[in-house]
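Work through these exercises with the sequence and the model side by side. Try each task before you read its solution.

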Amino acid sequence: MPYYRSVGEVPRKRHVQFRKPDGGLYAEELMGEEGFSSDSSLLYHRYLPTAIVKAEAVTEGARVGLSANMPLSPRHFRTSRLPVGGDMVTSRQPLAGNGDVRMSYVGADRASELYRDSKGDECVYIASGSARLESTYGVLEVGEGDYVVVPTGTIHRWVPQGAVTGLVIEASGHIRPPRRYLSQYGQFLEHAPYCERDLRVPSEPWLVEDGETTVLVRTRGGLTRLTYAHHPFDVVGWDGCLYPYAFNISDFEPIVKRTHAPPPVHQTFEGPGFVICSFCPRPLDFHPEAVPIPYNHHNVDSDEFMFYVGGDYTARKGSGIDVGSVSLHPAGFTHGPQPGAVEAAVAAVEKGHTVTSELAVMVDTFRPLDLGDAALACEDPDYAWTWAR
């Protein structure tokens, strides 16, 4: 993360004695990335964070069914047809993925068990509803439009307030703000479309006094359920630059040009082998002869995965795309506006239309995406032919 936080009680210096009211020592835990060479935080536990009493292999949910996008084709998935129920960890419904990243739809209505993803960071986009993210760092209240970034190794659980739907992006490494938005010291620069003030973070410790507690742990080797001697939410304080945070898509400030700008201006996060972009309401291109709609494009190095979450998609009229849709446009296929959309957009501007209301989350990957079982279960089989109508 680009800035330092201190929450709860911490000693004046790192790695010195920090004693409880009864005279015993708090247990220090370093959560750090890239082998002590990148962002980290120090957490102070009432009990040893290393004390486990049981370990069990978990086979259910350990493997995710993915199949190649063959024959190569653009795809449209209607997530509104997928079931709602279960929790936000074990009820994820895989849509697409590769060795770098996996995207899943989730519709949850109950609290998850404690969970730790030790494969990589997770970014959860809340499409509808609200929830509480409880973790060793504290509590975050999140809701519609929030991106919630959970660092690798964070023990946490999701507590929905009613039904929650969203998109879960699971990385094989770390999800961060794009480097071009940050100074060499990590501060957001003036040209960045969001900044530190837009980020919400845990503000106080979340303490749970309990005995033996299980935590579901995902690693590159599979799933394990560890039983800890004490509940891991026993942190009295922490400080550092590594922690969960939330950022609402409505706080993204779009970058506009006189003519149509390419997707990198919408970039919000970057991860290993992929980027995340936010398409938000914004003024239309304002050159007097601008074509205020995307041009046909063939991004030869990327697959484009787009989750449509609100507004009106002028360029996609006639395609069947609507709120809750996911489109997948693979490398090897040229895509663009539907037939007649360009003319309609130009005519709308001539009649005084000056803004776009679309809202979408895009994940561009630099390796081909395979298809998840849930995506195939809600696919629109006619989508690929809609440009030829």
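**Exercise 1: A proline in a loop**

P71 is found in the loop between β5 (66-67) and β6 (75-78). The model is a predicted one. Task: find which residue is joined to P71 by a cis peptide bond.

Solution. Step 1: go to the loop between β5 and β6, where P71 sits. Step 2: look at the bond between M70 and P71, which is cis. Step 3: read omega there, about -5 degrees.

**Exercise 2: Sequence and space**

Task: what are the C-alpha separations of Y115 from L216, and of G23 from C241?

Solution. Step 1: Y115 and L216 are 101 residues apart in sequence, with their C-alpha atoms 4.7 Å apart. Step 2: G23 and C241 are 218 residues apart along the chain, and 29 Å separates their C-alpha atoms.

Step 1: look around Y115, which lies in strand β9 (residues 115-117). Leaving out residues up to four places away in sequence, Y115 touches L216 and R218, among others. The side chains of Y115 and R218 are joined by a polar contact of 3.2 Å. Buried means under 20% relative accessible area, and Y115 is at 1%, so Y115 counts as buried.

**Exercise 3: A buried serine**

Task: which side chain makes a polar contact with the side chain of S327?

Solution. Step 1: find S327 in strand β25 (residues 325-329). Step 2: check its accessibility. S327 has a relative accessible area of 0% and is buried. Step 3: list what it touches beyond four places in sequence. The contacts of S327 include R75, E304, F305, Y308 and Y383. Step 4: pick out the polar partner. The side chain of Y308 makes the polar contact, at 3.0 Å.

**Exercise 4: Cores and a pocket**

Task: which residues touch the most other members of the largest nonpolar core, and which lie nearest the centre of the largest pocket?

Solution. Step 1: start with the core. It has 52 residues, and F269 and F305 touch the most other members. Step 2: follow F269. Beyond four places in sequence, its contacts include C123, Y147, Y194, F247 and I276. Apart from this core lies another, of 20 residues, with A108, A131, V150 and L216 among them.

Step 1: move to the largest pocket, which holds about 710 Å³ of space. Its lining has 43 residues, and H260, R282, P294, A315 and E358 lie nearest the centre. Elements giving two or more residues to this lining include β24 (303-310), α1 (341-350) and β27 (359-365). Step 4: sort the lining by type. It divides into 24 nonpolar, eleven polar and eight charged residues.

Notes
Residues numbered from 1 in each chain as written. Predicted model: local features only at pLDDT ≥ 70, side-chain atom pairs only at ≥ 80, totals over all residues. Heavy atoms only, no water. 1 Å grid on protein atoms, 1.4 Å probe; cavity = no way out; pocket = protein on both sides within 12 Å on 5 of 7 lines; lining within 4 Å. Points joined across faces, edges and corners; volume = space filled by probe spheres on them. Helix = DSSP H or I, 4+ residues; strand = E, 2+ residues; numbered from the N terminus. Nonpolar A, V, L, I, M, F, W, Y, C, P; charged D, E, K, R; others polar. Core = buried A, V, L, I, M, F, W, Y, C linked by side-chain atoms within 4.5 Å. Buried < 20%, exposed > 50% of the residue type's maximum accessible area, 1.4 Å probe, protein only. Contact = heavy atoms within 4.5 Å. Polar contact = N/O pair within 3.5 Å; in protein donor to acceptor, adjacent residues only side chain to side chain.
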